[in-house]
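Hi,

Here's the structure I said I'd pass along.

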Amino acid sequence: MQDYITVIGGGLAGCEAALQIAKKGIKVKLYEMKPVKFSDAHSNKNLAEIVCSNSFKSNLLTNACGLLKEELRILGGELIRIADRVKVPAGQALAVDRDVFAENVTKIIEENKNIEIIREEITKIPESGVVVIATGPLTSKELSKQIANLVNEKELYFYDAAAPIVEKNSIDMNIAFIGNRYDEERGKDEEYDIWIERLKNQEDSYINLPMNKEEYDNFVNELIDAQTVILHDFEKREIFEGCMPLEVMAKRGKDTLRFGPLKPVGFTDKRTGRRPYAVVQLRQDNNEGTLYNLVGFQTNLKYGEQKRLFSMIPGLNNANFVKYGVMHRNTYINSVNLLDETYNLKKDKRIFFAGQITGVEGYVESIASGFVAGINAAENFLNKEKIIFNEKTMIGALNKYISSNKENFQPMNANFGILPELDVKIKDKKERYRLLADRSLETLNF
């Protein structure tokens, strides 16, 4: 019997899995192909690189991802603890300086005596020992073939898009106004008031660019006819709804963007006292506050088109784009037929999967899957019973969705819709979410 567990992939899920296994006193061999080989979207040699948004989404418990983060904090999730420590201002959200976050994760893993990092591309799944496969949505071609053979399924693809980033000092602050959407949510009882105190006293952290009707219409008209990158023949043109490219949304109707990333609801331009026709939000992207990303502006537009079109936005007329949006291939397996609620492969109990390759979508969701796969890989190694989380918790509901939602399976974010309904009908959405969150935390046991 091997005296270690193999973890393939040093992204968010793989790092969380490795740290959870190491906590049990079990040796880990963590394989990461960077910097020997980089995927099309990665460029940082460190572990736990994040390539799209720098936000881990809301911290509010009435937000599904906020609840999932709190569950991970209670359970001892390591990467959320690190993210909390290196966060940058983002209102109610948890956002990080992506480079500092990756550096911190890498350092902690390098200093862990139970983890050995092996910097090489692994092209074959080990034939013995417990294995966690957390190779992410950009799994290398050779390993993808191995996984396809292992699960006896055709590979599945979807597309994820990353938003552009601009220098803050190139934004016209005579046009922009600073502020968060809505005021901070207030709790309904003492326990929630204590929680909300964590979110208080934060500076307004979004830069907002208002557009009038003429500016918005001109922008959308140009966006609809803009040139996009031509996909290769071997790539399917399937796009995950949760990360829809801006130009695809625009083609669905002129007002689609106003009900999506450019919605003006929750804003008042303090200079005019009125709600703008549309609003483009920019979120801080690094610790220094010198870089901002365009929220919801994931795109497959050619770089020249991005410069031309996004410079039409009031306040970005002379913006310096340090990074343009990109579109890249993502791979996931048909988990509902393949995995159980612990991300264990049904037909080979020594193998676990974790991260976006399982069909969880989002940073926190990937971390959560790595947490579950990691602790259960350790239990498998120690010949102990699996740890299955109650479906009334967000982490348990996500596990169940991935392993049992057989109708029209597609990647899924944490959301309140996957939780079992309350015993009583509550019409008010925020109140219902609050009660679901209360029940989740009360149910959570480890």
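Helix α2 (residues 64-75) packs against helix α13 (residues 429-443) with the axes 11 Å apart and an angle of about 20° between them. That angle is under 35 degrees, so α2 and α13 count as roughly parallel to each other. Their crossing is right-handed. On the α2 side, the residues in the contact are Leu 67, Glu 70, Glu 71 and Ile 74, and they meet Ala 437, Ser 440 and Leu 441 of α13. By type, that contact has four nonpolar residues, one polar and two charged. Keep in mind that this is a predicted model.

The other helix pair is α1 (residues 12-23) with α11 (residues 363-381), where the axes come within 7 Å and cross at roughly 35°. This crossing is right-handed too. From α1, Leu 12, Ala 13, Glu 16, Ala 17, Gln 20 and Ile 21 take part, and their partners in α11 include Tyr 363, Phe 371, Gly 374 and Ala 378. The α1 and α11 contact is made up of ten nonpolar, five polar and one charged residue.

While you're on α11, take a look at Glu 379, which sits in that helix. Is it buried or exposed? Its relative accessibility is 7%, and the cut-off for buried is under 20%, so Glu 379 counts as buried. Its side chain makes a polar contact of 3.5 Å with the side chain of Lys 24. Leaving aside residues up to four places away in sequence, Glu 379 touches Lys 24, Lys 384, Glu 385 and Ile 387.

Cheers

How values were computed:
Residues are numbered from 1 along each chain as its sequence is written. This is a predicted model: local features need pLDDT of at least 70, side-chain atom pairs count only at pLDDT 80 or more; totals for chains, interfaces and linings use all residues. Side-chain values use heavy atoms; hydrogens and water are left out. Axes are lines fitted to C-alpha atoms, for helices over the stretch in contact, and angles run from 0 to 180 degrees between N-to-C directions. Helices (H or I, at least four residues) and strands (E, at least two) are DSSP runs, numbered from the N terminus. A crossing is left-handed if the near helix is turned anticlockwise from the far one by less than a right angle, and right-handed if clockwise. Contact means heavy atoms within 4.5 Å. Ala, Val, Leu, Ile, Met, Phe, Trp, Tyr, Cys and Pro count as nonpolar, Asp, Glu, Lys and Arg as charged, and the others, Gly among them, as polar. Angles under 35 degrees count as roughly parallel, over 145 as roughly antiparallel, 65 to 115 as roughly perpendicular and the rest as oblique. Buried means under 20% relative accessible area, exposed over 50%, partly exposed in between (1.4 Å probe, protein chains only). A polar contact is a pair of N or O atoms within 3.5 Å; within protein, one must be able to donate a hydrogen and the other to accept it, and residues adjacent in sequence count only if both atoms are side-chain atoms.
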